[in-house]
Amino acid sequence: MPTYRDRAVVLRTHKLGEADRIITMLTRDHGKVRAVARGIRRTSSKFGGRLDPFNLIDIQLVIGRNLDVVAQVESLHAYSAPLRLDYPLFTAAEVMVEAADHLVPVEKEPSPAQYRLLAGALRVLGAGTTDGPRPAAMVLDSYLLRALAAAGYAPDLVDCVRCGAPGPHPGFSPSLGGMVCVNCQPPGTPHPNPETIGYLQALLTGDWAATRTVAPVRVREGSGLVAAFVSWHMERGLRSLPIMDRTSD
């Protein structure tokens, strides 16, 4: 039987029959893949907890007619264990894997940028950024902005998205895709604090040093803007986003 090997982040699992599970994963080279893990729900399963959501794995798959079949799995980073012990981190990871699932809609279509962003974000959640630890909401918002940008939905945080007038501008329109000038802003457009927009620019570029002294009120305002932006530019929104725990931010 033909096989292939890849690295992957486990997105979600579903029960199949009495002892099996369908594993949905985002792989480095083959995009989103669904595969059957035979006997994984038995206590004697050779896979153990290596196929839990959030984990980074090295996996060998047998090509099947409808679904591929898991042949071997090696754990590279068991992110699920520490993330499940911290509710804010766990809920942030839940949003991340759901977003990745939506942003890579077609199976077996390589999406290396989305794979790298997701694997990196899960690592940062547990291990901290290159500039030290950051709140879960901050890491999540950076991931969402960068993942949407990689999918072609980058917000314009400087110039007016409608007329192109050079910024800065006062309004942020989630539906239009970023900053808007006073002449182009739709009714009810929020006017966020300029420091919040600068903070979002740092999240979008991965400039963690620039987020070191951001006030919690700016983080919360930024999270609201990101959530509104995500709701507009992802077809069905994210079911897990409203349960994101921000109490520790």
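1. Domain contact. In this predicted model, 21 residues of domain 1 touch 21 residues of domain 2. The domain assignment places domain 1 at 3-80 and domain 2 at 86-233. Their C-alpha centres are 29 Å apart.

2. The barrel. Five strands form a closed barrel in the order β1-β2-β3-β5-β4. The pairing in this barrel is mixed. On average, neighbouring strands of the sheet are turned by 50° against each other, direction ignored. As background, strands of a sheet pair through backbone hydrogen bonds, either parallel or antiparallel. The next points take the pairs in turn.

3. β1 with β4. Strand β1 covers residues 3-16 and strand β4 covers residues 56-62. Seven bridges hold this pair, and the sense is antiparallel.

4. β4 with β5. This pair is antiparallel too, with seven bridges between β4 and β5. The two strands form a hairpin, with five residues between them.

5. β3 with β5. Here the strands run parallel. Two bridges join β3 to β5, the latter spanning residues 68-77. Val 36 stands opposite Val 69 in β5.

6. Which strands does helix α2 touch? Helix α2 (residues 87-103) packs on the sheet against β1, β2 (20-27) and β3 (31-37). The direction of α2 makes about 110° with that of β1. Helix α3 (residues 112-127) also packs on the sheet, touching β1, β2 and β4. For α3, the angle with the direction of β1 is about 65°.

7. α3 with α4. These helices pack at an angle of about 175°, and their axes are 10 Å apart. That angle makes α3 roughly antiparallel to α4. From α3, the contact uses Ala 113, Gln 114, Leu 117, Leu 118, Ala 121, Val 124 and Leu 125. From α4 come Ala 136, Val 139, Tyr 143, Arg 146, Ala 147 and Ala 150. The contact residues of this pair split into 11 nonpolar, one polar and one charged.

8. α4 with α5. Helix α4 (residues 136-150) meets helix α5 (residues 194-205) at about 65°, with the axes 8 Å apart. The two are therefore roughly perpendicular. Their crossing is right-handed. On the α4 side, the contact is made by Met 138, Asp 141, Ser 142, Leu 145, Arg 146 and Ala 149. On the α5 side, the residues are Tyr 199, Leu 200, Leu 203 and Leu 204. By class, the contact has seven nonpolar, one polar and two charged residues. Arg 146 of α4 is listed in this contact, and Arg 146 is listed in the contact with α3 as well.

9. α4 with α6. Helix α6 spans residues 216-233 and packs against α4 at about 35°, with axes 10 Å apart. Left-handed or right-handed? The crossing of α4 and α6 is left-handed. α4 contributes Ala 137, Met 138, Asp 141, Leu 144, Leu 145 and Leu 148. α6 contributes Val 219, Gly 222, Ser 223, Val 226, Phe 229 and Val 230. The tally is nine nonpolar, two polar and one charged. Met 138, Asp 141 and Leu 145 take part here, and these three residues are also in the contact with α5.

10. Backbone points to inspect. Two loop residues deserve a look. The peptide bond from Gly 167 to Pro 168 is cis, with omega near 10°. Where is Pro 168? In the loop between α4 and β6 (171-173). Phe 54 has a positive phi of about 90°, although it is not a glycine. Phe 54 lies in the loop between β3 and β4.

Methods. Residues numbered from 1 in each chain as written. Predicted model: local features only at pLDDT ≥ 70, side-chain atom pairs only at ≥ 80, totals over all residues. Heavy atoms only, no water. Axes fitted to C-alpha atoms, helices over the stretch in contact; angles between N-to-C directions. Helix = DSSP H or I, 4+ residues; strand = E, 2+ residues; numbered from the N terminus. Parallel < 35°, antiparallel > 145°, perpendicular 65-115°, else oblique. Left-handed = near helix turned anticlockwise from the far one by under 90°. Contact = heavy atoms within 4.5 Å. Nonpolar A, V, L, I, M, F, W, Y, C, P; charged D, E, K, R; others polar. Pairing = 2+ DSSP bridges. Domains from an automatic or database assignment.
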